[in-house]
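Colleague: Please take a close look at one part of this model, the place where the two chains meet. What is there?

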Amino acid sequence: MNVIDSYLDTLFAPYPNTAQMQRARRELRDMMEDKFHALVASGVGESQAVGTVIAEFGSLDEIAPVLGIDVEMGEAAGARQARETTAPPLDPHRALRYVDAVRASRFTGGVSTALFVLSPVPLLLLLAIFRDSTGMASGITVGIGIAGVLVIVLLGILLNMRRGEQLAEFEDIENGAFTTTARIEEVAHRLEAEHRRQSSRGWMIAISLWVLCAVPLIVLSLISEGNSPLPLIGVVLTITMVAIGLVVVSTTTWSDAVVETLIGEDPDEDDEDAVMHPVVRAITAVYWPVVVAVYLGWSFLGSAWSQSWLVWPIAGVLYAGLLALGRVLDENRAQSDRSASN
Amino acid sequence: MIGADAIRGHITLMVLAILEHQPSYAYEISRTITEISGGTYAMKQTTLYTAVKRLESLGYLDSYDATSDSGKSRTYYRLTGPGRAHLDEKRAEWQQTRDLVDHFVKGDGRP
């Protein structure tokens, strides 16, 4: 009877789950079950019996007016029509051109974001290299370093604008001003299937880089003595790892964003995961303000500016752990919800 | 085979007639019609269910849950007073309809 149940599930899926519909489903299922058993008892094979039962089922449209679901069906159709009149259906060929445009601009987008992250690198490197015995840098060094920062930020902005131009003609798609059709869903699901492995590998590499990015900073700080420039080199390495992670993510997981734009679903998240565990959400809301307070408090009160920066990498790693914990808690909650409803 | 269009207007009469002597449930009603037709008419389940529900909403049938011969709980339908009166009306209407149609079936199409 599994096939019959699945068949009925599919037929009833578009309709609201009212008591009226539940009763109709139950009675129709009873009819199908009786017919199935009668056919099997008369010597018909089970699969053939299922086929006959389904062939003789008929159409839910016929029942609708007498079940009072004509109103609900009408509302559903009305809502669909309203959506269609406000947003035109997306042409599948245009959707494919959009996919190609995003694919072509994935490096531009990734590199521009990475440049913003990497922008302090010239300043940090100059400070590490050109400094006197007390660890202080000259005004010229700082000036050149800041100029370097600004140049990199400018490059990032220009690249970002370039990406905007590449995708300008698809602005309506990016804003979701279209109606998804079955063909569009097909395009999205095929894209998702083609890039699933690449996308998950990309996330694994990027998350590994982001989790491990604190390591060079911590190690180099621990082995440095006096006014050694090693901690600054550590910061540069940490920033570089974060930036590489960003480039990896934007070049390998671009298809996830496209799928989400086209059909409104993130392939990596379902609804349950999208909602963070309430405790974790509460902690994340106050987390960074608290970290800033700790940093400033420790620095000012303990006059510990040379050590207090350690707060940041530690806080970063803890934050990643907190998010991972949130996801685990949420999956447990979703599982317990599911077992409770079964 | 009897076409669905040809029989559509008469399903009400058939369902009411089957329930005239004893209550029954949807599958049993459908099976009775198929058996009596001798295989010339296979009624879609949704067609029968629609007819039964329409008759119930009009007050010609009422329903209750009971255990069938197979030991399973089924929704039974039985004829009400107005349903019995409606069956009589439908029978009279059918007689008139049949007389009219027969007139043409016999090839006597003259006025």
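Modeller: Chain A and chain B bury about 2,000 Å² between them, and carbon and sulfur atoms give 51% of that area. On the chain A side, Met31(A), Asp34(A) and Val66(A) lose the most area to chain B, together 31% of what that side buries. Bear in mind that this is a predicted model.

In terms of residues, 23 from chain A are in contact with 22 from chain B. Six salt bridges are counted between the two chains. One of the salt bridges brings together the side chains of Arg23(A) and Glu56(B), at 4.0 Å from N to O. Polar contacts between chain A and chain B number 11 residue pairs, with both residues at pLDDT 80 or more.

As for which elements of chain A take part, α2 (19-41), α3 (46-55) and α4 (60-67) each give two or more residues to the side that touches chain B. The largest share comes from α2(A), with 13 residues. Sorted by class, this side of chain A holds 11 nonpolar, nine charged and three polar residues.

Chain B also has an open sheet of three strands, in the order β1-β3-β2 with antiparallel pairing. Its β1 (24-25) and β2 are edge strands with a single partner each, so one side of each has no neighbour in the sheet. Two bridges join β1(B) to β3(B), and Ser24(B) has Tyr77(B) in β3(B) as its bridge partner. The loop between β2 (61-67) and β3 (73-79) of chain B holds Ser68(B). Ser68(B) counts as buried because its relative accessibility is 5%. Beyond its neighbours within four places in sequence, Ser68(B) is in contact with Tyr25(B), Arg74(B) and Tyr76(B).

Key. Residues are numbered from 1 along each chain as its sequence is written. Chains are lettered from A and ligands numbered from 1 in the order in which they are written. This is a predicted model: local features need pLDDT of at least 70, side-chain atom pairs count only at pLDDT 80 or more; totals for chains, interfaces and linings use all residues. Side-chain values use heavy atoms; hydrogens and water are left out. Helices (H or I, at least four residues) and strands (E, at least two) are DSSP runs, numbered from the N terminus. Buried means under 20% relative accessible area, exposed over 50%, partly exposed in between (1.4 Å probe, protein chains only). Contact means heavy atoms within 4.5 Å. Two strands pair if DSSP finds at least two bridges between them. Buried area is the accessible area (1.4 Å probe) that two parts lose on being put together, summed over both. A polar contact is a pair of N or O atoms within 3.5 Å; within protein, one must be able to donate a hydrogen and the other to accept it, and residues adjacent in sequence count only if both atoms are side-chain atoms. Ala, Val, Leu, Ile, Met, Phe, Trp, Tyr, Cys and Pro count as nonpolar, Asp, Glu, Lys and Arg as charged, and the others, Gly among them, as polar.
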